[in-house]
Amino acid sequence: MPKSKNTFSSRRRRLVQRAVHAGWAWVRRTGAVTAERPGRLRFGALGTGTRLAFPQGTVFGEPWIRLGDHCVIAEQVTLTAGLMPDLDLGPEPILSIGDGVVLGRGSHVIADTTVTIGSDCYFGPYVYVTSTNHSYDDPHKPIGKQWPRMEPVEIGPGCWIGTGAVILPGTRIGRNVVVAAGAVVRGAVPDHAVVAGAPARVVRRWTPDDGWQPPLRTPAPVPIPDGITPEQLLALAELDAEGLAALRAPGETGPEGARGTARPATTARSRHTGRTGQ
């Protein structure tokens, strides 16, 4: 019996789809920018382990852009130094990004004057950071033709900048600050604060004397202890309430008020599933 034309067409479409996906994966790998493979971009510094995903957004003034080690720059991120390409901006960097910084997809960092981002900052998608703002002093001239105002921007280390946030010229953000999604920030933000809104304001802050005010509504997450293996984590995922109670340390009270005795994860897993811990 002859093969159906539709079956052949479906198979051909699958083969074409696989080829397209494989080709696009190759293009993304090849087009990524690293210190070993900078392509056409010649940054003032491009740290070890740092990667700019492909496709990149607009990038110019890269001799005055310095990126630290182990940064992740997602797709379509714009990084610019100076008002336009091919300007001589002097001996000092204009845009400085510390170690371990993550810039989410579609974000923009526009550094017409100095912008500094501290180490270990994480940016969600579509964050906009700029050191330049339009001026509208002259009511008789189009705003786009008036000379802009420029003020340095500084973002301290360890900050989390939420999706769609806007950081305006003159902003000074302290260390370990949370900027809520969609916030519009201008001015000084103290260390260990949470800001939200447009314009942004401090909605929570930590100090050594008072802790978090207002108090946090949920307990802090407990990190995974050192030395825990993937196999042990999988074993824990299979436990029911009785199995979890058996794992608690002596004298430890769980959510139900039960006290348990610590046991190895593999032993509890065997008891729960009927399998050995191998």
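Before you select it, two notes on what is on screen. This is a predicted model, in which local features need pLDDT of at least 70 and side-chain atom pairs count only at pLDDT 80 or more, while totals for chains, interfaces and linings use all residues. Residues are numbered from 1 along each chain as its sequence is written, and side-chain values use heavy atoms, leaving out hydrogens and water.

**Stop one: threonine 130.** Select this residue and you are in strand β12; strands (E, at least two residues) are DSSP runs, numbered from the N terminus. A polar atom of its side chain lies 3.0 Å from the backbone oxygen of threonine 132. Now show what surrounds threonine 130: leaving aside neighbours within four places in sequence, it is in contact (heavy atoms within 4.5 Å) with Ile110, Val153, Ile167, Leu168 and Pro169.

**Stop two: the sheet around β12.** Select residues 128-130 together with 166-167. These are strands β12 and β17, which run parallel and are joined by two bridges; two strands pair if DSSP finds at least two bridges between them. Look for valine 129, which stands opposite isoleucine 167 in β17. Zoom out to see six strands in an open sheet with parallel pairing, in the order β3-β6-β9-β12-β17-β20. Its edge strands are β3 (59-60) and β20 (184-185), and each pairs on one side only.

**Stop three: a second sheet.** Here seven strands form an open sheet, again with parallel pairing, ordered β1-β4-β7-β10-β15-β18-β21. Why does one side of β1 and of β21 have no neighbour in the sheet? β1 (45-46) and β21 (188-189) stand at the edges with a single partner strand each, so one side of each is left without a neighbour. Further in, select 115-117 and 153-155: three bridges join these parallel strands, β10 and β15. Threonine 116 stands opposite glutamate 154 in β15.

**Last stop: glutamine 146.** Move to the loop between β13 (132-133) and β14 (149-150), where glutamine 146 lies. Is this residue buried or exposed? Glutamine 146 counts as buried, because its relative accessibility is 10%. Not counting residues up to four places away in sequence, glutamine 146 touches Ser135, Tyr136, Asp137, Asp138 and Lys141.

Note on methods
Helix = DSSP H or I, 4+ residues; strand = E, 2+ residues; numbered from the N terminus. Buried < 20%, exposed > 50% of the residue type's maximum accessible area, 1.4 Å probe, protein only. Polar contact = N/O pair within 3.5 Å; in protein donor to acceptor, adjacent residues only side chain to side chain.
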